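Biologist: I am new to this structure and would like to learn how to read it feature by feature. Could you take me through it, giving the general idea before each case?

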Amino acid sequence: MSNNYIDGVGITRYWETNAVFNSGGIDVLIANNEVTRSSGGAMHVISNKHGKHDVIEDWVINVEYNYIHDFGAGITNDFGGIKTGSQGHCDDLSEQEMEEVCFAYIRVYNNMVTNGKSYYCCANLLYSDVSASKNLFENNILYGSADVAIVHHCGIENESKNNIVHRNIEPENGEQPISDLWGLCEANTDKHQDFNNHLNIYYFENTADFHLYRPYNFFDERSVFTDNLYWSLISEDESKGLFPPDDLSFGDLPPEDRNQWADPQFSGPEFHNYLLAEGSPALAMGIQQIRLDNFGIQADRKPFYLS
């Protein structure tokens, strides 16, 4: 599914809340689409039941180079700009059972997702749900209004890597900026969580009314945050108690996790230009430049009214 322009889904009759819904399949590619004005989520992608030890050489579903903006009409809750899941009904399974049926093998790569609006809660920009496992969020650009930027709602072997999250305090749609950076598994639910969050850039214009995590999330040795670059335009935010598990300041984070607090040196973040300068500390950390010229419908495939 590629090079589609989808504008307005569920706006009048509310029969469907997602602009794109995919359930199952092998070698699925959802690429270079532009999606806007859905009553709920923009894309909801669910994988068949797969196991950790299945012979799978690549990702089963790839969602890449899509431009998703202004999704959610403020009338529904709990959806994503891109939401992933599994057919395995995994929330109530043991970890051994999850390894048999809950591995989604979904890669969400190099998308631009911005400006979600819910009625009460949970217009999330990237969102893996119901303990779906083996989801990779990589090289995505996230900004604008949202409840949470990146959510791995339980599940094992999930990964968020080389993404850019920009908390701009005045989103273009006039709604509130990102409220929470991460959404994770709830404590005391007997669900399973294992993820790696690394090599991301987190760029904050400020941290007023902003949380990196929610108080009911739990963290343990399998909740890994390493090699991330953090920066705020407000210098005092570096010493502010923001970080899990107990509102640590940046200076209190373990040095062996190799996180840094430094300006990534974007060319023009106020214009959503995220080109890194040659001397950017992000590049020295091993963070890769995200491709910036291929979001949405490809130039030679646009209909006349978008040209």
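Modeller: Let us begin with exposure: a residue is called buried when its relative accessible area is under 20%, exposed when it is over 50%, and partly exposed in between, with a 1.4 Å probe and protein chains only. This is a predicted model, in which local features need pLDDT of at least 70 and side-chain atom pairs count only at pLDDT 80 or more, while totals for chains, interfaces and linings use all residues. Residues are numbered from 1 along each chain as its sequence is written, and side-chain values use heavy atoms, with hydrogens and water left out.

Biologist: As what does Lys-117 count at 32% relative accessibility?

Modeller: Lys-117 counts as partly exposed, because its relative accessibility is 32%, and Glu-175, at 29%, counts as partly exposed as well. For the protein, buried residues make up 58% of the 307 residues.

Biologist: With which residue does Glu-175 meet in a salt bridge?

Modeller: A salt bridge is a side-chain nitrogen of Lys or Arg within 4 Å of a carboxyl oxygen of Asp or Glu. Here the side chain of Glu-175 meets that of Lys-117, at 3.3 Å from N to O. Glu-175 lies in the loop between strand S16 (164-167) and S17, and Lys-117 in the loop between strand S10 (112-116) and strand S11 (123-128), so this pair ties together parts that are 58 residues apart in sequence. The names follow DSSP runs, numbered from the N terminus: helices are H or I runs of at least four residues and strands are E runs of at least two.

Biologist: How many salt bridges does a search of the whole structure find?

Modeller: The search finds 13. One of the salt bridges is between Asp-91 and Lys-191, at 3.7 Å from N to O; Asp-91 lies in the loop between strand S8 (79-86) and helix H1 (95-101), and Lys-191 in the loop between strand S17 (180-183) and strand S18 (193-198), so parts 100 residues apart in sequence are tied together. Another joins Glu-157 and Lys-134, whose closest N and O atoms are 3.7 Å apart. That pair links strand S15 (residues 155-161), which holds Glu-157, to strand S12 (residues 133-138), which holds Lys-134, 23 residues apart. Glu-157 and Lys-134 also belong to a network of salt bridges with Lys-52 and Glu-99.

Biologist: How should I read the sheets, and in which order do the seven strands of the open sheet come?

Modeller: Strands of a sheet pair through backbone hydrogen bonds, either parallel or antiparallel. Two strands count as paired if DSSP finds at least two bridges between them. The protein has two helices and 24 strands, and the seven-strand open sheet runs S3-S6-S9-S12-S15-S18-S20 with parallel pairing. Strand S3 (28-31) and strand S20 (223-226) stand at its edges with a single partner strand each, so one side of each is left without a neighbour in the sheet. Within this sheet, strand S9 (residues 103-109) and S12 pair in the parallel sense over five bridges, where Phe-103 has Ser-133 in S12 as its bridge partner.

Biologist: What is the order of the open sheet that six strands form?

Modeller: The order is S2-S5-S8-S11-S14-S17, again with parallel pairing. Strand S2 (20-23) and S17 are the edge strands, each with a single partner, so one side of each lacks a neighbour in the sheet. S2 pairs with strand S5 (residues 43-47) in the parallel sense over four bridges, and Asn-22 stands opposite Val-45 in S5.
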